[in-house]
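User: Could we go through this structure together?
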Amino acid sequence: MVDVDQFITDAVAELEAEVGDDDAIIALSGGVDSSTAAALAYEAVGDQLTPVYVDTGLMRKGETEEIRETFAYMDSLRIVEAEDRFLGALEGVTDPEAKRHAIGEQFIREFETVAREEGADVLVQGTIYPDRIESEGTIKSHHNVGGLPDAVDFDRIVEPMRDLYKDEVREVARELGLDAIISERMPFPGPGLAVRIVGEVTAEKVEVAREATHVVEAELEEYDPWQAFAAVLGRATGVKGDNRVHGHVVAVRSVESRDGMTARAQEIDWETLQRIQSRVTGQLETVSRVVYDVTHKPPATIEYE
Ligand code: XMP
């Protein structure tokens, strides 16, 4: 484990030196990594940093409002409302890599617009050690690592947390006084709820994934999972009221892990699983079935796409 105070001192010094008198920008996703990087960079250079939060419409319930409140102290914060443009870009796209690509491209377009308006010279990124390892192995395209640096002609890129593991990032976040809602929040993938929807992303499926994930996060909090969430798998027949319906199948996933590179599905008691099932099917008209995913990583991944 790194010495947190020393890490913060060094990271702030590195950011001050790299940014100098120029302007910097960071994509703030609301996840612990980019939030911590933004807080470090803001501490170093204040309003010379523009944190940009793009609301892709693929975020967790209440997340945009939480970001607005948590980072209200940063006068330079920019929030871009882009939900319709992301849903448009995802229309008809079913291949998992094509989906990631469409989201990554749209994200770059949104970010590029702000970076140009702000005339930013330096890009700050919240990349951590496992991101670099997975990207090197091209296990999957991580849009938080690739793409952005090529989109705009930045003079410099700073990744102050490039050697940290997730638990170390959380320690830094706590030390910086970030809200527990950020520092203790489960990891959330850059492409958001889209990788928890198998096949085409539609507004209806996003709503199911968002509401069901909200229920799962709350019900499984006591298990202290690395990640717990709901995914939308496809459709299956069910009976609701007097009608047969062809509703969504929601998968519940809850895993423990140190760094996301391997993971174990958690053992959840039957009553809790039944309560989740009852809340999700009761609250969401279009859901006919709830299943629990017992697969470890490997052979599965944590997310579905
Ligand atoms: P997988 O699904 O590959 O996920 O087992 C491993 C960890 O990485 C997260 N994840 C992502 N994080 N951008 C991210 O920032 C992404 O594209 C992405 N894909 C997966 C996932 O939530 C898990 O914690």
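Analyst: Two residues are in contact if their C-beta atoms, placed from the backbone, lie within 7 Å. This is a predicted model, in which local features need pLDDT of at least 70, side-chain atom pairs count only at pLDDT 80 or more, and totals for chains, interfaces and linings use all residues. Residues are numbered from 1 along each chain as its sequence is written.
User: Which residues in H4 meet H5?
Analyst: Arg85, Phe86, Ala89 and Leu90 in H4 meet Lys99, Ala102, Ile103 and Gln106 in H5. Helices (H or I, at least four residues) and strands (E, at least two) are DSSP runs, numbered from the N terminus.
User: At what angle do the axes of H4 and H5 cross?
Analyst: Helix H4 (residues 83-90) and helix H5 (residues 96-118) have axes that cross at roughly 145° and come within 9 Å. Axes are lines fitted to C-alpha atoms, for helices over the stretch in contact, and angles run from 0 to 180 degrees between N-to-C directions.
User: Changing topic, why is S2 largely enclosed?
Analyst: Strand S2 (residues 49-55) is largely enclosed by the rest of the structure because six of its seven residues are buried (20 or more other C-beta atoms within 10 Å of the residue's own, C-beta atoms being placed from the backbone).
User: In which sense does S2 pair with S1?
Analyst: Strand S1 (residues 24-27) pairs with S2 in the parallel sense, over four bridges; pairing requires at least two DSSP bridges between two strands. Ile26 stands opposite Pro51 in S2.
User: And how many bridges join S2 to S3?
Analyst: Four bridges link S2 with strand S3 (residues 78-81), and these strands run parallel. Here Tyr53 stands opposite Ile79 in S3.

Definitions and conventions
A residue is buried if 20 or more other C-beta atoms lie within 10 Å of its own, exposed if 12 or fewer, and partly exposed in between; C-beta atoms are placed from the backbone.
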